[in-house]
Amino acid sequence: MAATAEPISLFFMEDETEDEEDEDPSEAEDPDLLSPQGGLQRRMGGNIDGPRTIVASLFLPYTVSSVPVPPAPAAQLERRRSVGAVEFKRQRKASESRGLRPDPTWWHVEPSGLGNIGLQNALNSMKGKINPIWVGSLGVSTDAWSSDTLAHVRDNMKNEKHCVPVYLTDEEVEGHYNQFCKQVLWKPFHYQLPDYPKGPAYEKKAWELYVAVNEKFAQAIVESYRPGDIVWINDYHLMLVPSILRKQLPNAIIAFFLHIPFPSSEIFRCFHVRKQILEGMLGADMIGFQTYPFMRHFLMTCTRLLRLESTPRGVQLDDRTVSVMPIPIGIDLAALNEKRRNPEVAEIIASLKERYAGMKVLLGRDKNDYVKGVRQKLLAFERFLQDYPEWVGKVVLLQVALSTTEANENECRVSDVVARVNSRYGSIEYHPVVYLQQDISFSHYLALWTIADACVITSLRDGMNLTSHEFVVCQEENHGPLIISEFAGTYGSFGSALRVNPWDIREVAEAMHDALVMSEEEKAWRWKELYTHVVGNTAQTFVESFTSELIKAHEEVARTVSTSIPPLPENLVLTEYAHSRKRVFLLDQDGTIMNFNKHSSSTLLSSRIPTEHVTALVQKLASDRRNMVYIMSGRCKSEMEDFNGIPNVGLCAENGCFLKYANRNTWETMLPDQDLSWRKQVQEIFEYYTDRTPGSYIEQKEIGMVWHYGHADMSFGSWQAAECQNHLEQALTKSFAIHVLSKKRSLEVMPRNVNKGTVIRRVLEHHQGRGPQSRRMKSVGSVTGRAARDRNISGGSTTSNGQGVENTEEYIAELEALEAEELAMLPTRERVDFIMCVGDDRADEYMFEYLRRLELHSNSKDRCRSDPSTPFEELRSMMFSPPTTSANPTAVISPGSVTDDPATPLTSPPEIPQDSPSSPGAIPMRGDHNAHFPASLPADFNLHMPATVPGATAQSQPSCSQQFIPSNPASTRSKRCIVTATVGKKGSAAKWFMPGPQEVLTLLEKFIALEKTHKRARNTVPEHGNLHQV
């Protein structure tokens, strides 16, 4: 059938190949990859039904053409060509004038010249190890295509190439790519402020189309997604896709990689949609960057613009942590060496050596746009010939200028410099600058890198320029030096290169001279260092590192943070409390059991909880000898006098800096040798922001320092707090062992090596007889024991001073009082089997994380000694079990069925399929749709409780072999229950949440009421039938 006009290309290579390496199309045209029969199986590495990697990029590796492919020589190596903007407009106008239909009646799939070639080569190098599914556009106009053609192309691309095409209209291409990506995003990302705003209508329309294209890509990914897939989104064209996907696939493994530089916060803040872009990227589990400076800029931007807490490892959101990672892309070393061995390359090398015999060759290959620094390179070469005239006639600069998106003024300026240099220093036989304003074949490209004496890269701002990697590999024999700009992405990795500032033309000229006169020994060791880095950072390493780090980041989020933390099941907690023998309560003060302090705003005072009420509840709770209560406060020691002196109540001040054990009168510092020299500099920074933030003030603690801005304007105060936090982290955290805690309406600076988690460890050791205090006290003999022995030996009653007493009963009462006082000071060796920890802010996350690890450690020891069929294990099974489809509605209980009604019994453990995520030992992943509350509880989480439940019948109870706590009241528990809850529904390492401080106090009242109910049997396990009456 006759061929119609070729579909028109709408896209043009400008910035998509920021980390591009040249590619031989013959590799992409492998019959195994293109054949309908074997292409899919071979390209997907054989196992097409296993876990897959969905790779989203603006362009697919393939496109559709209606022009037959002319036969090409088998050995010829040609580079993919792209269509420029001027040529595109010409073709489109000509096709319309001829009246040709854009809907092809005959078409075929061919490799595309668009897209990120470096990324495509990196994934191709991993054939057989990963299963990529490409999601992207075809790069041709499809507006006039019929629905049948669109469907046929989609099916063909999906079945034969494992690609999912996203059809974009011409309007969407113009607004998304030509206007927003190229004009609004690309220039500022390369530190060029664009000539915009161009009017509200222009900005609004371009942004709307950018959002629309991102939504199309997200929808295409959702339609192709299946649980367990990895979604890898690439580059600045699709920065909103991660957040859109997160809303539709909350449990998916999502990664985003930015292949171009990320600008500093001072540049990024110029975007009118800056928050939307950042929030879009933060929908991913992990965000990858080419270099550490790009990653650092992103973290600083999130801190300053979104007021989020960031660390070198990631950004802390309300519901999870987004990991960040600098992972530089590399080249496929084996594939490049194979192409170098092509006979055509050897022939061209011989020809070039003959052509430039007796001359030194400086080589450059760049796009002729503003950021590649071609003009700066030519000016530096002109200065080199001026400063070192002895090289005139002996050196040539061969500059290959690749085609760009559109004609620009830079081309004219570069051409003027070339003409001036050649006219001033050249002759008929000698041209100092050979300026090739065209694409060259890949074989010529490799030959030029091989014969060059030095490579000159003067990028003004660049991502990972893989041209430098290819030059190093091709210089295996010559060991030519590499001159590279300090603004290129590879600058930090290539320490043995000659690194220059491209804006300093004198420095670049001197580097050219140094490269030409360098000794062979120095060239050899410099090349060896460069080659070692290239070999250690290949394309395969990039893909493997990125995917492995993504899995780790996702699993870390799954273990510690949940997007939907369930409410605290009070009925189960009360049951566990009733059957415990030794308990420790760890209660945060402000925001947990109290909702106001002297730093609170006046709006909270009307509904504040009286301090007297809180103190009375704590005192009643601690009146049970089995309970130890610790107030884990961030306040100073002097502000905790309300709880001082209450029996069985311990105090922790300044977020772990000071500790007073229960039934003790002295405070202990957790930092006896702490260096506080940092306080002066912190105070200076706090004073700077206090002067500029009306309503803010500084609180001086004994060790820590706090900057409060709760009385300042909310918007301005939050912005100043972000600036202050960034200032502290940049100026002091690298020099001093301190960290900054971003709390509600305040910033606190405190030592890095102390927190509430370390205090918990000391408390548990103390009350279980393993701490330093208990060891010292155990060395002192019992007074009553010695007195009793003296009395038995003498046959009469004696006092401690040896004097006899006539009233034996008074003497015994005296000894018992003395013994009781001593026992109150001496911790018992009985294990704490019930721990409840409640907090509300970032300082309390240290407690939750420590207790999570303690629970995992304890359960690992006890797992083989008993069966974990307990009510809390039932709760975990219910959270991770799929909805029931059996006739028995009680086989699997949904989380919504867990109520706080004590009369609602939990009977036998639910049935769990062996292959379900709820099976013992399985770790539920976000990709599992059946995990109702993924990662809110650890996979081997066991809060062990008595096997019998209040209100359950005898027939519903487990067998004797399954019961964990025997019915014998004198039996002891071998496992502990750990309950962690955060106040407010938010992301946390805690397992549950409680709505507010009032609910926390209500639960404490229930504990107290439960003790009163069973006062007649305080030292035994309560009767199960009485628990539902509480």
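Start by selecting the four strands S23, S24, S26 and S25, which in that order form an open, antiparallel sheet. Strands here are DSSP runs of E with at least two residues, helices are runs of H or I with at least four, and both are numbered from the N terminus. Two strands count as paired if DSSP finds at least two bridges between them. This is a predicted model, in which local features need pLDDT of at least 70 and side-chain atom pairs count only at pLDDT 80 or more, while totals for chains, interfaces and linings use all residues. Residues are numbered from 1 along each chain as its sequence is written, and side-chain values use heavy atoms, with hydrogens and water left out.

**Stop 1**

Now zoom in on S25 and S26 (residues 746–751), an antiparallel pair held over six bridges. Pick Leu 741 and you will find its bridge partner, Glu 748, in S26.

H24 lies across S23, S24 (705–708), S25 and S26, and runs at about 5° to S24. Such angles run from 0 to 180 degrees between N-to-C directions, with axes fitted as lines to C-alpha atoms, for helices over the stretch in contact. Contact means heavy atoms within 4.5 Å.

**Stop 1: the parallel sheet**

Move on to the open sheet of six strands in the order S14-S13-S12-S15-S16-S17, where the pairing is parallel. Its edge strands are S14 (433–436) and S17 (498–500), each pairing on one side only. From one strand to the next, the twist averages 20°. For a detail, show S13 (residues 395–402) beside S14: these strands pair in the parallel sense over four bridges. Within that pair, Leu 398 has Val 434 in S14 as its bridge partner.

Helix H15 (residues 374–387) packs on this sheet and touches S12 (360–367), S13, S14 and S15 (454–457), with its direction at about 170° to that of S13. Select helix H17 (residues 442–451) as well: H17 lies across S12, S13 and S15, running at about 140° to S12.

**Stop 3**

Go to strand S8 (residues 286–289). Met 286 and Gly 288 point one way from S8, Ile 287 and Phe 289 point the other way, and all are buried. Buried means under 20% relative accessible area, exposed means over 50%, and partly exposed is in between (1.4 Å probe, protein chains only). S7 (residues 253–257) pairs with S8 in the parallel sense over three bridges, and Phe 256 has Ile 287 in S8 as its bridge partner. S8 also pairs with S11, again in the parallel sense, over four bridges. There, Gly 288 stands opposite Met 325 in S11.

While you are in S11 (residues 321–326), click on Ser 323. Is Ser 323 buried or exposed? Its relative accessible area is 17%, so Ser 323 is buried. Leaving out residues up to four places away in sequence, Ser 323 touches Asp 285, Met 286, Ile 287, Arg 313, Gly 314 and Ala 553.

**Stop 2: two positive phi angles**

Most residues other than glycine have a negative phi. Asp 235, in the loop between S6 (230–234) and H9 (241–248), has a positive phi near 75°. Asp 235 is buried, with a relative accessible area of 3%. Then jump to Asn 655, in the loop between S20 (649–653) and S21 (658–660). Its phi is also positive, near 55°, and Asn 655 counts as buried at 2% relative accessibility.

**Stop 3: a helix crossing**

Show helices H22 (residues 570–578) and H32 (residues 997–1013), whose axes come within 11 Å and cross at roughly 40°. H22 and H32 are therefore oblique to each other; angles under 35 degrees count as roughly parallel, over 145 as roughly antiparallel, 65 to 115 as roughly perpendicular and the rest as oblique. To see the contact, display Glu 570, Val 573, Leu 574, Tyr 577 and Ala 578 in H22, which meet Leu 1003, Lys 1006, Phe 1007, Leu 1010 and Glu 1011 in H32.

**Zooming out**

Finally, show the whole protein chain, with its 32 helices and 29 strands. Buried residues make up 58% of its 1030 residues.
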